[in-house]
Amino acid sequence: MIRTEELHSCNGTLKSRSGQKQTENYTLKNGYHKNEKVQKNGNGFHQPRVRGEDSFEEAPMYVAVLTYMGYGIVILFGYFRDFLRAVGLEKCHQAQEREEQKDFVPLYQDFENFYKRNLYMRVRDNWNRPICSLPGPVFDLMERVSDDYNWTFRLTGRTIENVINMGSYNYLGFAENNVDFLKTVAEKTRQYGVGVCSTRQELGNFSIHEELEHLVADFLGVESAMAFGMGFATNSMNIPALVGKGCLILSDELNHTSLILGARLSGATIRVFKHNNMQSLEKLLKEAICSGQPRTHRSWKKILIMVEGIYSMEGSLVRLPEIIALKKKYKAYLYLDEAHSIGAVGPTGRGVTEHFGVDPKEIDVLMGTFTKSFGATGGYIAGKKELVDYLRCHSHSAVYATAMSPPVVEQIIRAIKCIMGVDGTTEGQRRVRQLAENTHYFRSRLKEMGFIIYGNKDSPVIPLLLYQPGKVGAFSRAMLKRKIGVVVVGFPATTITEARARFCVSAAHTRDMLNKVLQSLDELGDYIRVKFSRHRRPYRPELYNVTNFGLDS
Amino acid sequence: MNVGVAHSEVNPNTRVMNSRGIWLTYALGVGMLHIVLLSIPFFSVPVVWTLTNVIHNFGMYVFMHAVKGTPFETPDQGKARLLTHWEQLDYGVQFTSSRKFFTISPIILYFLASFYTKYDTAHFVINTASLLSVLIPKLPQLHGVRIFGINKY
């Protein structure tokens with residue numbers, strides 16, 4: 001009986017979304033909503049949602065000063081070490097050009113390797129660690145040691161087992177060995193084979209691909225969808241098919257490399273607005289409308305705003321209602337990259353459109369990937385039928401790339417059906433709720449402990465700011481000693497003062513795993529002094545179990 | 001740890017000098033250098049000020065006007081390879097806040113050094129030559145210009 005109600009609720013949600021009109025949002029002239037609440041009519045399933053603000057607290061100024069001093073010291077040591085190598089006092093481990101070629105133009109710029117050989121080499125054991133199991137909520141790592149300060153590694157043959165995985169984008173936990181899931185995947189493998197040696201336009205269009213595309217369109221609540229075999233190429237090969245010379249792309253400052261590559265390949269003019277800054281975006285839109293193209297001042301053929309649902313290194317959510325208001329006001333197009341947010345936010349996992357209560361039809365191009373929440377590869381583009389039909393003819397991926405592998409397609413189909421509930425279970429919705437619960441728990445506990453974390457409170461991507469470069473290596477090594485795998489990032493991948501550890505919460509993480517990670521973070525945060533927050537510590541809310549009070553000691 | 005993973009900046013060198021706290025760190029660094037030189041017992045105060053000015057200007061010349069390119073690979077295929085750090089600053093846009101600050105700061109240090117050396121002729125000549133060595137390359141007219149081919153390749 002409960003199952004039937006769940007099914008009805010899920011189907012009702014889908015039906016009401018596509019069938020009914022949105023309540024008109026009251027929007028001020030500058031594109032901002034009069035109130036923070038965004039409501040949906042008709043279905044009581046959705047409550048009025050208050051958009052949580054992104055948090056980007058700044059550390060005290062002395063932290064920035066110490067960071068620059070740290071970089072200054074290691075740069076001076078780098079120059080000193082280069083001097084020692086030049087005079088032969090220290091062995092040069094890296095490849096060098098032969099002495100006979102010293103009068104030729106060098107093949108490589110020596111200075112461009114300065115950072116790598118003098119700064120990155122000493123800490124590179126914190127990255128690219130080989131794993132030897134499925135990257136689920138826990139995984140196994142191969143133990144490796146270095147005898148020459150990380151110039152070379154050797155494997156000891158032992159494994160570090162049951163390391164808690166806080167680094168994978170396994171939001172809904174579908175990176176798992178589930179016999180029921182893999183049964184139909186095995187059947188499709190026997191039926192279709194493991195690969196398709198042709199493109200979607202030629203002999204590579206299977207009925208299973210069509211089924212996937214219909215399912216994605218139903219899941220998102222739009223007319224049509226198209227799937228691609230590679231997630232990165234979904235952006236980089238389709239943006240050139242949408243915009244070209246004489247068009248303008250307004251790109252968020254923190255967009256992913258695939259979006260940037262696609263924008264560059266398109267030949268359109270690219271302008272960058274500040275991250276999630278609506279004033280900056282509106283200023284660019286106004287200038288584009290008033291001034292037109294450079295020198296000739298003719299109108300732009302198209303203006304395309306490119307944003308992401310969740311920014312993968314910042315953890316912030318897009319300001320979707322504001323951007324849609326600006327898009328309507330200035331008659332621009334909107335390209336929404338939901339690579340991380342699809343499946344990870346929203347009450348039923350349908351991404352930021354559901355999270356903000358926005359009609360998916362208001363977004364011109366909905367893009368997402370299957371590589372994160374669905375435990376597969378590839379990506380999709382969804383929207384109006386005319387858009388998708390156009391892409392079927394003109395997309396570089398549709399014309400040249402091989403179609404998606406059938407077992408991968410079946411894995412995605414199984415995952416989407418699980419999330420939608422049409423497979424007869426409530427497992428998918430349980431995972432979506434579990435992810436939201438784990439996210440809120442982890443974020444609030446980190447804030448309580450005094451860490452500076454970035455991003456939206458609903459975002460399962462949680463960057464924890466470490467700031468100083470020396471603490472990046474110390475943090476990563478100490479966490480691995482405690483059997484916790486984390487991803488750390490520093491300059492030049494980030495700006496110079498914002499080195500961080502990036503945690504990705506999963507629905508497959510149990511409360512015990514999260515508590516272990518939080519306890520280790522609490523000890524380690526005090527030990528290496530990375531608790532820089534100046535907010536007042538809140539009293540413990542009633543939400544948590546009384547048994548967790550023991551973690552205070 | 002490649003360029004641009006967590007931001008879309010093509011060349012991080014353009015933004016380092018705009019970061020929060022970099023000016024304070026620079027001022028503290030120069031102050032620390034001065035205090036260290038003051039601690040050496042054989043140097044008198046005018047000699048220390050001249051040494052502070054000369055060492056600071058030499059360091060600024062090396063790191064901003066002699067070193068070219070980036071210490072990491074950038075996705076723009078080495079477009080900044082022949083540019084000094086000063087020319088990479090703010091993508092070459094002149095008269096930004098950082099450029100103004102780093103143009104004025106050696107002048108202020110020069111004023112302080114001249115004052116504390118009581119405008120002695122020998123110190124004056126040394127300090128002025130040192131100041132010109134870092135001020136002339138900063139002129140907007142000399143952006144990308146290599147006089148006599150100095151530091152051209």
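**Before you start.** Residues are numbered from 1 along each chain as its sequence is written, and chains are lettered from A and ligands numbered from 1 in the order in which they are written. In this predicted model, local features need pLDDT of at least 70, side-chain atom pairs count only at pLDDT 80 or more, and totals for chains, interfaces and linings use all residues, while side-chain values use heavy atoms, with hydrogens and water left out.

**Stop 1: annotated spans.** Select residues 59–80 of chain A. UniProt, in an unreviewed entry, lists these residues as "transmembrane region". UniProt positions are given in the numbering used here, feature names are shortened, and annotations may be inferred rather than shown by experiment. The span is 91% helix and 0% strand, and its end C-alpha atoms lie 31 Å apart. Helices (H or I, at least four residues) and strands (E, at least two) are DSSP runs, numbered from the N terminus.

Now go to chain B. Here the UniProt annotation "transmembrane region" covers residues 28–46, 47–64, 106–123 and 124–140. Pick residues 28–46 of chain B: 68% helix, 0% strand, with end C-alpha atoms 20 Å apart. Then pick residues 124–140 of chain B. That span is 71% helix and 0% strand, and its end C-alpha atoms lie 26 Å apart.

**Stop 2: where the chains meet.** Show both chains. The contact (heavy atoms within 4.5 Å) takes 35 residues from chain A and 29 residues from chain B. About 2,800 Å² is buried between chain B and chain A, and carbon and sulfur atoms give 65% of that area. Buried area is the accessible area (1.4 Å probe) that two parts lose on being put together, summed over both.

How many salt bridges are there between chain B and chain A? The count is zero. A salt bridge is a side-chain nitrogen of Lys or Arg within 4 Å of a carboxyl oxygen of Asp or Glu. On the side of chain B that touches chain A, the largest share, five residues, comes from helix 2 (residues 22–38) of chain B. That side divides into 15 nonpolar, ten polar and four charged residues. Ala, Val, Leu, Ile, Met, Phe, Trp, Tyr, Cys and Pro count as nonpolar, Asp, Glu, Lys and Arg as charged, and the others, Gly among them, as polar.

Stop 3: Select Ala288(A), in helix 9 (residues 278–291). Ala288(A) is buried, with a relative accessible area of 2%. Buried means under 20% relative accessible area, exposed over 50%, partly exposed in between (1.4 Å probe, protein chains only). Leaving aside neighbours within four places in sequence, Ala288(A) contacts Leu248(A), Trp300(A) and Ile303(A).

Next, Ala339(A), in the loop between strand 9 (333–337) and helix 11 (352–355) of chain A. Ala339(A) counts as buried at 11% relative accessibility. With neighbours within four places in sequence left aside, its contacts are Met367(A), Gly368(A), Thr369(A) and Lys372(A). Met367(A) is 28 residues from Ala339(A) along the chain, yet their C-alpha atoms are separated by 7.0 Å.

**Stop 4: backbone details.** Select Asn128(A), in the loop between helix 3 (114–120) and strand 3 (138–145) of chain A. Asn128(A) is not a glycine, but its phi is positive, about 55 degrees. Buried or exposed? Asn128(A) counts as exposed, at 65% relative accessibility.

Asn162(A) sits in strand 4 (residues 154–165) of chain A. Asn162(A), not a glycine either, has a positive phi of about 55 degrees.

Finish at Pro492(A), in the loop between strand 14 (487–489) and strand 15 (499–504) of chain A. The peptide bond from Phe491(A) to Pro492(A) is cis, with omega near 5 degrees.
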